[in-house]
Amino acid sequence: MEGEPIIRISGLGKDYLTAAGSVPALQDISLAIYPGEFVAIMGPSGSGKSTFMNLLGCLDVPSGGAYSLNGTDVRTLDRDQLAQLRNAVIGFVFQGFNLLPRANLIDNVALPLVYAGVGKADRVRRAQEMLDKVGLGKYGASRPNQISGGQQQRVAIARALINRPRLILADEPTGNLDTRTSQEIMSLFTALNRDEGITVILVTHEADIASYASRLVRFIDGHLAHDGAVDHEMHGSVGAASSPRKGDGTSVRGEDAAPTAASPRNPR
Amino acid sequence: MIGAMLSEAWIAMGANRLRTFLTMLGMMIGVGAVILMLAIGQGAQYLVDQSIASMGSNLFIVLSGSSTSGGIRMGSGAAPTLTVADAQAIAELPSVAAVAPNAPGTAQLVYGSNNWSTQVVGTLPSYLEVRDWELAAGYPFTDSDVRSATRVALLGQTVVKNLFGDEDPVGKTIRIKQSPYQVVGVLAMKGQSLDGRDQDDTVLIPVTTAQRKLFGTQFQGTVRYMMAQAVSAEAMPVAERAITQLLRQRHRVKEGAENDFTVRNLTALANTAAETTRVMSLMLGAIASISLLVGGIGIMNIMLVSVTERTREIGIRIAIGARSRDILLQFLLEAIIISIAGCLVGVGLGIGGAVLVNQITGTAVVITMSSVIMAFMVAAAVGVFFGFYPARKAARLEPIEALRYQ
Ligand SMILES: Nc1ncnc2c1ncn2[C@@H]1O[C@H](COP(=O)(O)OP(=O)(O)O)[C@@H](O)[C@H]1O
Ligand SMILES: [Mg+2]
């Protein structure tokens, strides 16, 4: 275990208030995620994955429990401080890409830098670099609706990366993409995790997408049902393990455990 | 940061040009209306101020007849009670600077083949002093002209224009009611009086000439009215009392009986007129401001729609690090740009409209820098005021709610 965890959660819960009363979407989640981990979150629809990601991303407030991100207890921060924390530490990648439709790609990618107070010339230069990195360097002046879904997700990743985050949160980033494009996107995440040590947490409901990760967290009905190293033969063993303990010994970094996008183990 | 926000505001406004334009239109019309109304109001005020300045300062008018018994009777049965001697006595009062008796009448003037019907006023040389009236050419008639009732005349500019055209009238002889009069001088241009009369359409002659030779009256030596000038503004109340007292004495008005004359403070009347115009001008502006208000509400309306439409965008911005004030500023900036751009065009419209009104109807208009600046500041304030609520609404969105918004 190397140093402080980037995410430490204990007893985290989230209840939604609806017309029908209070709905517990997450209950008593405790875990720690360390810098450099690549975590896949799985679970049936409605099991609380997105709720969990929103809490991790400080986009929503938990109903109970403690959460510290990057060593900061987020409960002590106000709205604007949270915004700055997100800006500095987290890169978000959403299922629906969430690009600004009217802005061109350069401006989309550079947006976090606007709120980080970076000057215009720097913004444009770094945004161009990021677009180059995700292979879209030529499209800087295009609008999001002029490129394909896979390309849009690359732009979103470029935007997530531009302020050099320590953590990337991706909620079903490949949910709207075909298999081949999904693989490309996953390769990108893998490279970022492997080469730059960025912690990646991603939600997916596809086992082959999850297999890119090194650690698997599984939710069922708002409970942490499984937390352990990715079992590359897991297709049959869904939900078998049940260890809602903290990430004891499950933090795998690099080496053999990392399922780099090497082997064609996608049966599709 | 502001640079990025300005360009974002530009993009956002460009995304829905028609809507942006219609929103601006409200502002344009509002500002245009305010500028136009202020221009018309100030034009009216300018005219009034001009007439007041041309009237002479610290003036009283003393009329025959009492004011309390059904208005002032001038020449309609009641005997004129004021005389030139009264005027000369009033002139001796220490609080009075000068007095000019007026015996006016209408007469036909002829010069060569031109003729012109105008008002001829019999008066004293002091008239020019009382009215602060300069001569444009020639000399005034003198006290000795008055004593010997000579046929001399001072012509107003309008009379000169109609009788002489470009010819120099000084020294020429005109005919007034057939009799020859020598033109000794030309009065300087005065312009309109408060009641809209052309003050330059007049001829001055010695009061004695008017009484004895031109009009002839059944009441020898009387005048219709006279004008008296107090030595200063402060002296006006004293002068008014002194004139009243003197005239009562001279006319032998019994204790407790009504005056057979009326003293009116012309300057006070003029000030009332000026005040009335000022109030009217203000009201015009105020009424026009209502359209500014409506324009502002239009901005608020559209900004609210815009915030709702862009809820998801706001969610994205907040998620990736926008603070409340960043969002607030962004939307506020948009509202301010719309209102200021609308205002700029509105200023143009207002000025154009004022010029048009002036050309078509001849109404006086005055556009002052201060009214333009004021309209501009009000527009900016409207943008901030009506943009604030929608902007705050945007700034207070919860990121997760905003991101979920479809
Ligand atoms: N905004 C909300 N209001 C009320 N209930 C919600 C809301 N969001 C999610 N839920 C409920 O919480 C549970 C978990 O939802 P979610 O985290 O979206 O699941 P997942 O992403 O795993 O499909 C579900 O039962 C869902 O209906
Ligand atoms: Mg979900």
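Me: Two strands pair if DSSP finds at least two bridges between them. Over how many bridges do β3(A) and β8(A) pair?

Reply: The model is a predicted one, and in it the bridge partner of Ile41(A) in β8(A) is Val203(A). That bridge belongs to a pairing of β3(A) with β8(A) in the parallel sense, and the number of bridges over which the two strands pair is four.

Me: How many of the residues of β8(A) are buried?

Reply: From β8(A), Thr199(A), Ile201(A) and Val203(A) point one way, whereas Val200(A) and Leu202(A) point the other way, and all of them are buried. The strand is therefore largely enclosed by the rest of the structure, the count of buried residues being five of the five.

Me: In what order do the six strands of the open sheet in chain A stand?

Reply: The edges of this sheet are β6 (90-93) and β10 (223-229) of chain A, each of which pairs on one side only. From one strand to the next the twist averages 15 degrees. The pairing is mixed, and the strands of this open sheet in chain A stand in the order β6-β7-β8-β3-β9-β10.

Me: What angle does the direction of helix α6 make with that of β8(A)?

Reply: Helix α5 of chain A, made of residues 149-161, packs on the sheet where it touches β6 and β7 (167-171), and its direction makes about 170 degrees with that of β6(A). Helix α6 of chain A, made of residues 179-196, likewise packs on the sheet, touching β3 (38-42), β6, β7 and β8 (199-203). The direction of α6 makes an angle with that of β8(A) of about 150 degrees.

Me: Why is one side of β2 and of β5 of chain A left without a neighbour in the sheet?

Reply: Four strands of chain A form an open sheet with antiparallel pairing, in the order β2-β1-β4-β5. Strands β2 (21-33) and β5 (72-73) stand at its edges, and one side of each lacks a neighbour because each has a single partner strand.

Me: Which residue in β5(A) does Leu69(A) stand opposite?

Reply: Strand β4 of chain A, residues 64-69, runs antiparallel to β5(A) and is joined to it by two bridges. The residue in β5(A) that Leu69(A) stands opposite is Thr72(A).

Me: How many residues does the largest nonpolar core have?

Reply: Leu69(A) is among the residues with the most contacts inside this core, as are Ile7(A), Ile41(A), Phe52(A), Leu56(A), Tyr67(A) and Ile201(A). Leaving aside neighbours within four places in sequence, the contacts of Leu69(A) include Ile6(A), Ile7(A), Leu56(A), Val89(A) and Leu167(A). Apart from this core lies another, of 51 residues, with Val84(B), Ala89(B), Ala98(B) and Phe141(B) among them. The number of residues in the largest core is 77.

Me: Which are the buried residues of helix α3 of chain B?

Reply: The buried residues of α3(B) pack against several elements of chain B, including β3 (96-111), α7 (207-214) and α8 (236-250). In this helix, which covers residues 84-91, they are Val84(B), Asp86(B), Ala87(B), Ala89(B) and Ile90(B).

Me: Is Arg317(B) buried or exposed?

Reply: Arg317(B) lies in helix α10 of chain B, residues 311-319. Beyond its neighbours within four places in sequence, Arg317(B) is in contact with Leu100(A), Leu111(A) and Tyr115(A) among others, and also with residues of chain B that include Glu8(B) and Gln330(B). Buried means under 20% relative accessible area. The value for Arg317(B) is 3%, and this residue is therefore buried.

Me: What radius of gyration does chain B have?

Reply: Chain B has 13 helices and 12 strands, and its C-alpha atoms fill a box of roughly 100 × 55 × 35 Å along the principal axes. A compact globule of 406 residues would have a radius of gyration near 22 Å, whereas the value for chain B is 33 Å.

Conventions. Residues are numbered from 1 along each chain as its sequence is written. Chains are lettered from A and ligands numbered from 1 in the order in which they are written. This is a predicted model: local features need pLDDT of at least 70, side-chain atom pairs count only at pLDDT 80 or more; totals for chains, interfaces and linings use all residues. Side-chain values use heavy atoms; hydrogens and water are left out. Axes are lines fitted to C-alpha atoms, for helices over the stretch in contact, and angles run from 0 to 180 degrees between N-to-C directions. Contact means heavy atoms within 4.5 Å. Buried means under 20% relative accessible area, exposed over 50%, partly exposed in between (1.4 Å probe, protein chains only). The radius of gyration is taken over C-alpha atoms; the globule rule is 2.2 Å times the number of residues to the power 0.38. A nonpolar core is a set of buried Ala, Val, Leu, Ile, Met, Phe, Trp, Tyr and Cys residues joined through side-chain atoms within 4.5 Å.
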